[in-house]
Amino acid sequence: MRKSHPVRRAVLAGAATVSGIVLLLSLKPASDPGSASAAGGAAPPVAAQSPQGGRGAGAGTVTGDAAGTQYGPVQVRLTVSGGKITRAEAVQAPKGGQSDRVTADAVPKLNRAAVAAGSADIDAVSGATYTSAGYVKSLQSALDKAAAAAGSGSGSGAAEEGSGTGAGQGTQVLTGDAAQTQYGPVQVRVTVSGGRITGVETLRAPRGGRSDQVTADAVPRLDRAAVAAGTADIDAVSGATYTSAGYKQSLQSALDRAGG
């Protein structure tokens, strides 16, 4: 039989096919899913998971308005948790010359007093009258903002029997009319919550010359008296008759807007 016979060619082709199949089977890759990593292939990325749970109930931070003083502005930042001051710090305070020493001595004392009192009803630090007055003013501003934020997140309270129309309306921040005095205007902003005064801030008061000292001494006392009395029926501060009269007039104007 010659080499070119058709039968011989068929037999040789069949043998080659069988050999090829055997070779392919011997080279078949492993089916283990982990073999890609073992061979240096990159494993598929795992998606990062966000921590479970909603927004935490951590402490809130609120910054009061900067209060101008004869030696520079004072501004207080509070951390409030559970309705209490847990930390107080002055983010602005008088600087330069003698003010550096006064600030370094007074501010830590004022911070501790604010946390201990839980309010702006704190004593001035001896030798730091202006810084103390500015601190108290900015502190009260921060407390007012914290109260307003807390009030905006709660429902209206029930109206109290015998109270004015402002009661039971959550927290209101009301600004009285500017009252003109012989030494300059006085204007008061009041925070009223549940029909009661919870904070008072003096926006304008006599300034310049001796008025600076009178204002720094009288205004914090008037603010505290207004909160304690809950009305504009408060005593004038000795030596600040005109400022006291203007304060009471503006305070009453604000309360009238609240229905108090």
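**Aromatic pairs**

User: Okay, is Tyr 71 buried, exposed or partly exposed?

Analyst: Tyr 71 has a relative accessible area of 48%, which makes it partly exposed; buried means under 20%, exposed means over 50% and partly exposed lies in between, with a 1.4 Å probe and protein chains only. Please keep in mind that this is a predicted model, in which local features need pLDDT of at least 70 and side-chain atom pairs count only at pLDDT 80 or more, while totals for chains, interfaces and linings use all residues. Residues are numbered from 1 along each chain as its sequence is written, and side-chain values use heavy atoms, with hydrogens and water left out.

User: How many aromatic pairs does the structure hold?

Analyst: There are 2 aromatic pairs, where rings of Phe, Tyr and Trp (its six-membered ring) pair if their centres lie within 6.5 Å, and planes under 30 degrees apart count as stacked, over 60 as edge-to-face and the rest as tilted. Tyr 71 and Tyr 130 make an edge-to-face pair, with 5.6 Å centre to centre and 70° between the planes.

User: And which parts does that pair tie together?

Analyst: Tyr 71 sits in the loop between strand S1 (60-63) and strand S2 (75-81), whereas Tyr 130 belongs to helix H4 (residues 129-152), so the pair ties together parts that are 59 residues apart in sequence. Helices (H or I, at least four residues) and strands (E, at least two) are DSSP runs numbered from the N terminus. Tyr 130 is buried, at a relative accessible area of 19%.

User: What about the rings of Tyr 183 and Tyr 242?

Analyst: Their centres are 5.5 Å apart and their planes are at 70°, so that pair is edge-to-face. Tyr 183 lies in the loop between S4 and S5 and Tyr 242 in helix H6, so this pair ties together parts 59 residues apart in sequence. Tyr 183 counts as partly exposed at 48% relative accessibility, and Tyr 242 counts as partly exposed at 43%.

User: Switching to strands, in what order do S4, S5 and S6 form their sheet?

Analyst: These 3 strands form an open, antiparallel sheet in the order S4-S5-S6, where two strands pair if DSSP finds at least two bridges between them. Strand S4 (171-175) and strand S6 (196-204) stand at the edges with a single partner strand each, so one side of each is left without a neighbour in the sheet. S4 is joined to strand S5 (residues 187-193) by 5 bridges, and Gln 172 stands opposite Val 192 in S5.

User: Which helix packs on the sheet?

Analyst: Helix H6 (residues 241-258) does, touching S4, S5 and S6 (contact means heavy atoms within 4.5 Å), and its direction makes about 40° with that of S5. Here axes are lines fitted to C-alpha atoms, for helices over the stretch in contact, and angles run from 0 to 180 degrees between N-to-C directions.

User: Which residues have the most contacts inside the largest nonpolar core?

Analyst: They are Val 190, Tyr 247, Leu 251 and Leu 255, in a core of 20 residues; a nonpolar core is a set of buried Ala, Val, Leu, Ile, Met, Phe, Trp, Tyr and Cys residues joined through side-chain atoms within 4.5 Å. S5, S6, helix H5 (210-229) and H6 each supply at least two residues of this core, and H6 gives the most to it, with 5 residues.

User: Last one: over how many bridges do S2 and S3 pair?

Analyst: S2 and strand S3 (residues 84-92) pair over 7 bridges in the antiparallel sense, with Leu 78 opposite Ala 88 in S3.
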